[in-house]
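Subject: Handover of the two-chain model

Hello,

Please find the structure below. My notes on it follow, with the cut-offs given where each term comes up.

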Amino acid sequence: MTPRSLDIAEPELGATGTLERLVGARPTESSPESDSAPLRLGGLRKRWRKDLPLVLDGLDLTLERGTTTWVGGRNGVGKTTMLRVAAGLIDADSGCVEVWGIAPGENRVRYQQLVSFLPAGDRGLYARLTVRRQLEFCARIAMVPRARFGETVEHAIATFDLSELAERRVDRMSMGQRQRLRIAMTFLPSPEVVLLDEPLTSLDSEGMVLIQAAVAEVLARGGAVLWCSPSGEHLEMSFDAHWMLERGKLVAV
Amino acid sequence: MSDTLAAGHAFLAVMRRDLHVYLSYRTRLVSQVLTALFSLTLFYYVSRLVHVSGFDSHSAYFGFVVVGISLISVLYSSFSIPELVRQELIAGTFDRLLLSPFGAIRGVIAMSLFPMLFSFVLATVTLTLGCVIFGLRLHWSTVPVAVPVMFLVVLSFLPFGILFASLTVVVKQGSVGTAWVIALLSIVGGLYFPVSLLPSWLQTAAKLQPFTAATDLLRHLLVGSSLGESPQTSLLKLVGFAAVLLPGSILLLARAIRLGQRRGTIIEY
């Protein structure tokens, strides 16, 4: 872990060519061959309100390539906030977030191509769409190239054993089946860094095996996985690093 | 080039998604067509009942109001965008767009396409019902010109939806003020009566938004009503509104999203 105290870059809206940058920024190819880490969080600070304590207080975390990391901690300690900051969903008040050396404010499109986030809970699905349409939509907004589109969707269906459910609408599926679909959508664009927030919610043992296989694929291509859960629910999964989040900082377990 | 192509596919995917969701509610189309039919029936008999000053015949007023009714579907569609954004926020699917390479800004623009294009279809259905059932006489020689003008109208109305969508991202309410804005635009836009009947200060307001220019121009092209100004002037107004307001509304949306990300309120709904 390397402490960092750089401010997160924020795009200036008044700059020349701003609109083009906002609506159609072109990704610059950045492959994970450099000496940078898959994910680096440095000196993250986040306070939700002035009268509340810091939820992240100088948090540092570096994921090495080909590794899985588990972060635990009691409810409300800040695990989800950390993941949301890492995913680029919300900003920290200060600190550094980088995926393969790229900050979200620096090249948003490329950043989002490299990172995938599974939020906790059961949200993020279109209730009236079938599984296949949901995955196709997911592949399209992930801007998967046309040549790989069909193969990508079919791979997700096969990897997460969704063949029998492919034509079923989401609002007619069980919670566990929905969770399997949410996980399939997370892994679908072949991300380099996968952030999982309580992925085992409603999932059966079969689903657990499917996640393990998907995680192994990410690790095989040199990526990294960050898994957050309160504790003890992931006994079948082995991790390369274990941390507990306490008072805004990570403590080795 | 491949990124542009992928973005184009993503735009189409959002439209396809909205079409599938729309079609999954089987009675919605029937309900919307019936609503148009009831409105036409109501105004058909109102046009027979009363004499409206400034119109030569009952049919002339009916033709005037049918174009207004057709256009209000476009207005409603543009103001449905904030509610669509709110639904995405509630369902957690807005986060998915925001965290995708396609992005939330392009996502919001894309999610406005289906309702806007569908309103175009609904306007066509309304005009067709007016012709077939109520004997509305269209000015066929200029009807083909009305099609590209309608697309321009859609573009000039779109910024209002995006502006209110930006507000929704910040305040988390989809219908803040939209009902009264639609009502106000119906009045100053001359939906049911000519704006010349309005007090002079309201006539000034009629010139400050694209709705009046759109209704005047489309009435001229579809039913041959006279224009208060040249068609070129009305066209320039629509182009001007679209050219100024569209980039402005997109920038505001971008600012609203960034504000939500900075404050962390983007995750709230």
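How do the axes of helix H6 (residues 104–134) and helix H7 (residues 143–171) of chain B cross? They come within 10 Å and cross at roughly 135°. Before going on, the conventions: this is a predicted model, in which local features need pLDDT of at least 70, side-chain atom pairs count only at pLDDT 80 or more, and totals for chains, interfaces and linings use all residues. Residues are numbered from 1 along each chain as its sequence is written, and chains are lettered from A and ligands numbered from 1 in the order in which they are written.

Helix pairs in chain B

Helices (H or I, at least four residues) and strands (E, at least two) are DSSP runs, numbered from the N terminus. Axes are lines fitted to C-alpha atoms, for helices over the stretch in contact, and angles run from 0 to 180 degrees between N-to-C directions. Angles under 35 degrees count as roughly parallel, over 145 as roughly antiparallel, 65 to 115 as roughly perpendicular and the rest as oblique. H6(B) and H7(B) are therefore oblique to each other. Their crossing is right-handed; a crossing gets that name if the near helix is turned clockwise from the far one by less than a right angle, and left-handed if anticlockwise.

From H6(B), the residues B:Val108, B:Ser112, B:Met116 and B:Phe120 meet B:Met150, B:Val154, B:Leu158, B:Gly161, B:Ile162 and B:Ala165 of H7(B). Contact here requires C-beta atoms, placed from the backbone, within 7 Å. By class, the residues of this contact are eight nonpolar, two polar and no charged. The nonpolar class holds Ala, Val, Leu, Ile, Met, Phe, Trp, Tyr, Cys and Pro, the charged class Asp, Glu, Lys and Arg, and the polar class the others, Gly among them.

The second pair is helix H10 (residues 210–223) and helix H11 (residues 231–263) of chain B, whose axes come within 9 Å and cross at roughly 140°. H10(B) and H11(B) are therefore oblique as well, and the crossing is left-handed. H10(B) contributes B:Pro210, B:Ala213, B:Ala214, B:Asp216, B:Leu217 and B:His220, and H11(B) contributes B:Pro231, B:Ser234, B:Leu235, B:Lys237, B:Leu238 and B:Phe241. The contact of H10(B) with H11(B) has eight nonpolar, two polar and two charged residues.

Where the chains meet

In the interface, 36 residues of chain B are in contact with 34 residues of chain A. On the chain B side, the elements giving two or more residues are helix H1 (2–24), helix H5 (93–98), H6 and H11. H1(B) gives the most, with 12 residues. That side of chain B divides into 19 nonpolar, 10 polar and seven charged residues.

Chain A

Chain A has seven helices and nine strands. Among contacts in chain A between residues at least 6 apart in sequence, 77% join residues at least 24 apart.

One open sheet has six strands in the order E5-E6-E7-E3-E8-E9 (chain A), with mixed pairing; two strands pair if DSSP finds at least two bridges between them. Strand E5 (115–118) and strand E9 (249–252) of chain A are at the edges with a single partner strand each, so one side of each has no neighbour in the sheet. Neighbouring strands are turned by 20° against each other on average, direction ignored. Strand E8 (residues 241–246) of chain A and E9(A) run antiparallel, joined by four bridges, and A:Leu245 has A:Leu250 in E9(A) as its bridge partner.

The other open sheet is antiparallel, with three strands in the order E2-E1-E4 (chain A). E2 and E4 of chain A are its edge strands, each pairing on one side only.

Strand E1 (residues 39–46) of chain A is mostly covered, with six of its eight residues buried. Six bridges pair E1(A) with strand E2 (residues 56–63) of chain A; in E2(A), A:Leu56 is the bridge partner of A:Lys46 and A:Leu59 that of A:Leu44. Four bridges pair E1(A) with strand E4 (residues 94–98) of chain A, where A:Arg45 stands opposite A:Ser94.

Helix H2 (residues 79–87) of chain A also lies across strand E3 (67–72), E5, strand E6 (193–197), strand E7 (224–228) and E8 of chain A, running at about 155° to E6(A).

Regards

Technical notes
A residue is buried if 20 or more other C-beta atoms lie within 10 Å of its own, exposed if 12 or fewer, and partly exposed in between; C-beta atoms are placed from the backbone. Two residues are in contact if their C-beta atoms, placed from the backbone, lie within 7 Å.
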